[in-house]
Amino acid sequence: MTEDRGYRRPELVCPAGTPAGLRTAVDAGADAVYCGLQNETNARNFPGLNFTPAELEQSIAYAHARQAKVLLAVNTFPPAGRFELWREAVDTAARLGVDAMIVGDMGVADYAARNHPQLRLHLSVQAGASSPEAIRFYCQEFGVKRVVLPRILTVPEIADIHSQIPCEIEAFIFGNIGMMAEGRCSLTNYVTGLSTNMDGVCSPAADVRYEEDAERNLTIKLGPFTIDRFACGESAGYPTICKGRYLCGVQPAGYYAFEEPVSLNLSALLPDLMRAGVTALKIEGRQRSRAYVRAVVSAFRRAVDAIMAGGDPGLAGLLALTEGHRETEGAFGGKTWR
Amino acid sequence: MGEQPGDITLGPVLFNWKPESWRDFYFRIADEAPVTAVYLGETVCSKRAVLFEPYYQAAAERLAAGGKTVIFSTLSEVVLKLDRKQVESTCATTDYLVEANDGSALLALRGRPHHIGPFINVYNERTLGFLAGQGARNFCLPPEMPATAIRALCAAAASLDVSIEVQVFGRVPLALSARCYHARAHGRIKDSCQFVCENDPDGLQLRVLDGRPFLAVNGIQTMSHDYLNLVGELPELRAMGVSRFRLSPHSCDMIEVAAIFRAALDARISSSEAIARLAALPLGAPFSNGFYYGKPGFSWTTAAAH
């Protein structure tokens, strides 16, 4: 505790896409890792990612032996008739003794709160709770202990929320930045027939096609729709609808109608976020490589420790790891982003 | 039988229409449209709400005089102080029912009868049951819901004596953001938007780079380019237990749209005739119903082919 600076030591919450990734994140200094089961109960339901219950059990033992917490994301929305899969996920989380479960759906939260009252609940960013009233609703109804804030708030707005809610705040600080309010986007389903909310996928790789012409210009399609085009040599990030280029009547040419292909990097805002009441700093990227996770987690470990020791965070090297080598502070930096 | 044929309802106007046109639209709906219930209120942008507030009372009174039930819908994305004040004041209404569109409205409305709007994620029986326990009486489902899930939710709703409503006409809301994409298209930001969204009464068309129309921008909301049309699915929806069928307002003749859906629901015209009459409207976009069939939302399947 360093009360005089106005903040306490934050928890560094890091992505774990696989058991090996989990060990990498823990070894690199994560205070907590978050992960999901190998099905549509979590919002990173990608091929080759995530944990079987047995792997989760072993991974919890690994993390706990090193004083790191394990948070299980069960944060998608079960469609009616299919609730059983999510019920099993909640029961698994409780049985294996995860340190918290991250929930988005009210039905899942209600099931967990009633059947496993000892299971600590965090409110997923997928729940889209962006006001003190909405957060208080989840705290009062389901006993939520921490909210993961949507990536749409400025630092002063986070501070304002902090003073009006009875739970902890976790905020994204680094990684992919979705342009749409989480849990409230059906764009992928509109194009591919797979739902971000129900199936846990966003811009699924199986529906992405790259077409190269004779001049080696690259056209990128999601389903039947062209999402972007790149001239030979231009760097292209992973294609999502909200970072594509489009035409409209009031623009002279193709433009990024929603956002450019940038990554979130709040390293310069860490002390401000901590002062605003953020006590858990979240790094996005369960789908990223172990080398990436090692580099990012180590850098933020050193930064947080340096800040707590009254020093400079020294995170300049992180730019090389951002998508397309371009970064933004997004909404966190101020209202002009909107 | 005793089974009701179902109600046609009119969702809130999602676009920034000229306030006088907005008022006159509701006056005409009140006098002429065969709809049972009308949802009023600004659900997309709190900055716009002040434009329409002067006409809320006149519209609501005229609609009530026309025999329509009036329900006020709350804002879908609540972040700023202005957003929160609007939700608070809408939820303080006691003369009319309120439809909640975000978690802050749920906090304000719990314990008394209310509606759940399509921007609240009600995907399963457990969520439906939880919210019914809080006082929710009617649920307008998220538009991406497939028929299989709608059917299962209808069964749960019947056992709880609450009703299910489904959007059956109009552009589909697909995403919300903190950023205003209308302002961005015009090189502005949300705070200095100068209400450029008023230029596009049905949204601003986005096309992909090879020219194909794709999406429609409506302030912070992103919508489908095509118009959802479930007129051919009405008998199946009715059989599942859906009792309310929501039309989302557009600048086309909504009296005619309501009349077509009413006639189709009463089986006075066939599905193919209803589709043909809707296709004759000057919409400038194709129909879609993919979500209903668990396919890409933009796609169109004729009920007969399925």
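In chain B, strand E10(B) and strand E12 (residues 287-288) run parallel and are joined by 2 bridges. Strands here are DSSP runs of E with at least two residues, helices are runs of H or I with at least four residues, and both are numbered from the N terminus. Two strands count as paired if DSSP finds at least two bridges between them. Within this pair, Leu228(B) stands opposite Ser288(B).

The model is a predicted one, in which local features need pLDDT of at least 70 and side-chain atom pairs count only at pLDDT 80 or more, while totals for chains, interfaces and linings use all residues. Residues are numbered from 1 along each chain as its sequence is written, and chains are lettered from A and ligands numbered from 1 in the order in which they are written.

E9(B) and E10(B) form a hairpin with 2 residues between the strands, where Gly219(B) takes a positive phi near 65°.

How many residues of strand E10 (residues 221-229) of chain B are buried? The count is 9 of the 9, so the strand is largely enclosed by the rest of the structure. A residue is called buried if 20 or more other C-beta atoms lie within 10 Å of its own, exposed if 12 or fewer do, and partly exposed in between, with C-beta atoms placed from the backbone.

Turn now to chain A. Chain A contains 10 helices and 15 strands, and 56% of its 338 residues are buried. Its C-alpha trace spans about 60 × 50 × 40 Å along the principal axes. The radius of gyration of chain A is 20 Å, which agrees with the value near 20 Å for a compact globule of 338 residues. This radius is taken over C-alpha atoms, and the globule rule is 2.2 Å times the number of residues to the power 0.38.

Chain A is divided into domain 1 (3-177 + 262-337) and domain 2 (187-256), with bounds from an automatic or database domain assignment. The C-alpha centres of the two domains of chain A lie 27 Å apart. Their contact takes 10 residues from domain 1 and 7 residues from domain 2 of chain A; residues are in contact if their C-beta atoms, placed from the backbone, lie within 7 Å.

One sheet of chain A is open and has 3 strands in the order E8-E9-E10, with antiparallel pairing. Strand E8 (208-212) and E10 of chain A stand at the edges with a single partner strand each, so one side of each is left without a neighbour in the sheet. E8(A) is joined to strand E9 (residues 218-222) of chain A by 5 bridges, and Glu211(A) stands opposite Thr219(A).

Finally, the two chains touch: 56 residues of chain A are in contact with 54 residues of chain B. Elements that each supply at least two residues to this side of chain A include helix H4 (106-115), helix H5 (132-142) and strand E10 (225-230). This side of chain A has 30 nonpolar, 17 polar and 9 charged residues. Ala, Val, Leu, Ile, Met, Phe, Trp, Tyr, Cys and Pro count as nonpolar, Asp, Glu, Lys and Arg as charged, and the others, Gly among them, as polar.
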